[in-house]
Amino acid sequence: MGPKKPVDLEPTVLVKSLHVGFAGREVLHNLNAKFNRGWLAVVLGRSGSGKTTFLRALNRLNECFPRSATRGSLKLKLQGEWRDIYRNAMPLPELRRRVGMVFQTPHLLPGSIADNLALPVKLVLGVPRRNIASRVEWALEEAHLWDEVKDRLNAPAHTLSGGQQQRLCLARLLALEPEILLLDEPTASLDFRAALKVEELLLSLKERYTIIAVSHSLSQARRLADEALIFRDGSVVQRLSREDLQAPDTLQALLEEIF
Amino acid sequence: MLIQGQASSPRTAETVLQAHWRHLDRRQSGIKGLLLGATILSCGSVLAILGFLSYFALPIFSEGHLAEILSWEWRPFQGKFGILPMAVGSLSLAVTAMGVAYPLGLGICGFAHGLGPRCLKGPLMGLINFMTSIPTVIYGFVSVIFLVPLVRGAFPESTGYSWLTAALTLSLMILPTIVLLVHAQLQQVDARVRLASAALGFSPAQTLLWVMRPLAFRGLWAAAVLGFSRALGDTIIALMVAGNAPQVPNSLLDSIRTLTSHIALVVATDSTSQAYQSIFASGLILFGVSIAVNLTLRRLQSRAALPATGRHD
Ligand SMILES: Nc1ncnc2c1ncn2[C@@H]1O[C@H](COP(=O)(O)OP(=O)(O)O)[C@@H](O)[C@H]1O
Ligand SMILES: [Mg+2]
């Protein structure tokens with residue numbers, strides 16, 4: 001780890017005056033933010049402050065709920081090109097595979113460990129059958145899961161432990177060749193050791209992706225974050241650098257802000 | 001705490017609490033008693049039906065009429081009391097009605113869950129719900145007025161009162177059962193997987209086919225089993241539009257008689273004791289089939305909660 005800074009930060013996500021509401025009640029108010037590739041941003045904030053809604057705005061998942069409304073500009077740099085995703089820049093399935101999301105609890109697809117990876121690869125990416133196995137292996141390697149599951153790829157996915165399931169979800173995501181990773185409290189349902197493994201994985205991925213992770217734990221944020229965004233009532237109220245996060249007095253202030 | 005606040009001393013508080021608990025206890029045991037009574041009553045009546053049927057069907061075995069009844073000819077005035085044509089009639093009608101209604105029902109559910117536009121889901125389900133509230137006899141009645149002449153017009157060699165007419169009418173009658181069962185299961189599954197599979201980039205159709213279908217298999221089976229048993233148990237539609245000829249049909253345009261309408265017809269006419277025996281045998285067969293169907297359902301339902309879904313919040 002260490003307090004190193006990548007030499008050139010390449011911005012990939014630009015959020016300008018984003019408003020999101022459900023059924024007439026606004027949840028995110030005039031939110032502005034910027035995220036970079038090779039940079040791990042952690043979002044902190046009280047429960048109900050709009051963290052999940054913010055992540056779901058980035059892959060347009062809020063639209064799965066009735067009467068959601070989104071205003072403002074949300075630009076993502078995908079395939080080296082800036083796109084305003086709410087102005088129909090690309091089809092939804094395409095956007096959602098490029099902006100992958102992992103939820104608080106593992107969401108498995110029906111079937112085996114291999115099925116969980118093969119199905120989206122086949123349906124969403126349209127990878128021909130003969131290439132699927134190698135991609136499954138590659139993704140499991142990426143998610144540091146291959147050694148643990150290589151002998152039981154055809155076992156039902158729910159036989160994995162919670163931590164393994166969550167890493168399987170990450171592997172599934174990576175198999176779809178995303179550019180931006182959204183992680184919504186990915187370790188909230190895991191025990192400490194399993195959580196550390198996921199954190200390790202995230203650190204190993206962060207060079208190549210834009211990662212935005214919501215965290216429920218301040219110590220986790222301190223271990224992971226290149227930058228932390230503090231949410232309150234649907235807006236970003238504070239932005240902290242890695243150094244800020246390590247300083248004891250900000251810590252105290254943060255504890256009061258968040259918990 | 002509330003009780004402490006109201007009562008002047010801890011002792012009275014305690015008595016109040018105890019009285020409260022006693023009251024709860026009494027209420028609970030009252031409810032338990034009621035439920036037990038209901039259980040005994042329903043089990044008892046099922047057993048009683050089985051008992052009566054067996055008792056009345058007993059002479060068939062003791063007097064050696066079994067072979068006569070399990071034969072292919074029903075000519076009561078010539079002493080022939082075979083019910084096998086009716087068994088074939090029941091089975092053919094139920095199978096064909098299911099053959100129409102089940103795919104149609106799955107189609108409707110698919111349409112409501114992702115294949116069709118979202119705005120049509122509400123009206124469609126409203127219509128299906130409305131269909132459940134229509135009395136069966138109305139289906140039969142409407143069929144006599146519209147479908148029978150239609151079939152007669154299209155196939156002049158037929159009277160219109162046929163296997164085909166009954167199958168189509170019956171399929172409409174069982175359609176809501178199938179749709180509502182499958183829909184309920186899909187809705188349950190949908191709530192769990194919708195976000196996650198949308199986040200993977202699945203289209204609604206892909207989600208339905210590849211994620212929800214495997215997870216909803218129990219509902220699919222239950223709908224098939226229940227739909228079939230409703231089709232098999234229906235009396236009034238078969239009686240009104242199937243023509244009731246006691247014969248094994250050669251084509252969809254032939255008239256058929258089901259076991260259920262056979263029972264109704266024999267009971268409604270003055271008949272010999274052997275004719276009566278045949279209806280007890282028919283009843284026994286229907287009863288046996290419906291028990292088998294119920295056991296199948298029970299097995300499906302008691303399978304451990306879907307294992308392949310992982311953990312969800
Ligand atoms: N689908 C939805 N429909 C209506 N209200 C929602 C929906 N999702 C979130 N909200 C509301 O938005 C606010 C923020 O929720 P959320 O983004 O889940 O917060 P967090 O993830 O920070 O706990 C909450 O008040 C919540 O009730
Ligand atoms: Mg949340």
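Modeller: Let's begin with one pair: Asp184(A) stands opposite Val214(A), a residue of strand E8(A). This is a predicted model, where local features need pLDDT of at least 70 and side-chain atom pairs pLDDT 80 or more, while totals for chains, interfaces and linings use all residues. Residues count from 1 along each chain as written, chains are lettered from A and ligands numbered from 1 in written order, and side-chain values use heavy atoms, without hydrogens or water.

Our part is E7(A), residues 180-184 of chain A; helices (H or I, at least four residues) and strands (E, at least two) are DSSP runs numbered from the N terminus. E7(A) has a parallel partner in E8(A), residues 210-214, and five bridges join the two. E7(A) also runs parallel to strand E6(A), residues 99-102, through four bridges; DSSP must find at least two for strands to pair.

Now for the side chains. In a regular strand they alternate between the two faces of the sheet. In E7(A), one side holds Ile180(A), Leu182(A) and Asp184(A), all buried (under 20% relative accessible area; exposed is over 50%, partly exposed in between; 1.4 Å probe, protein chains only).

Finally, follow the chain onward: E7(A), helix H7(A) (residues 192-205) and E8(A) make a right-handed β-α-β unit. With the strands pointing away from you, the path over the helix runs clockwise.
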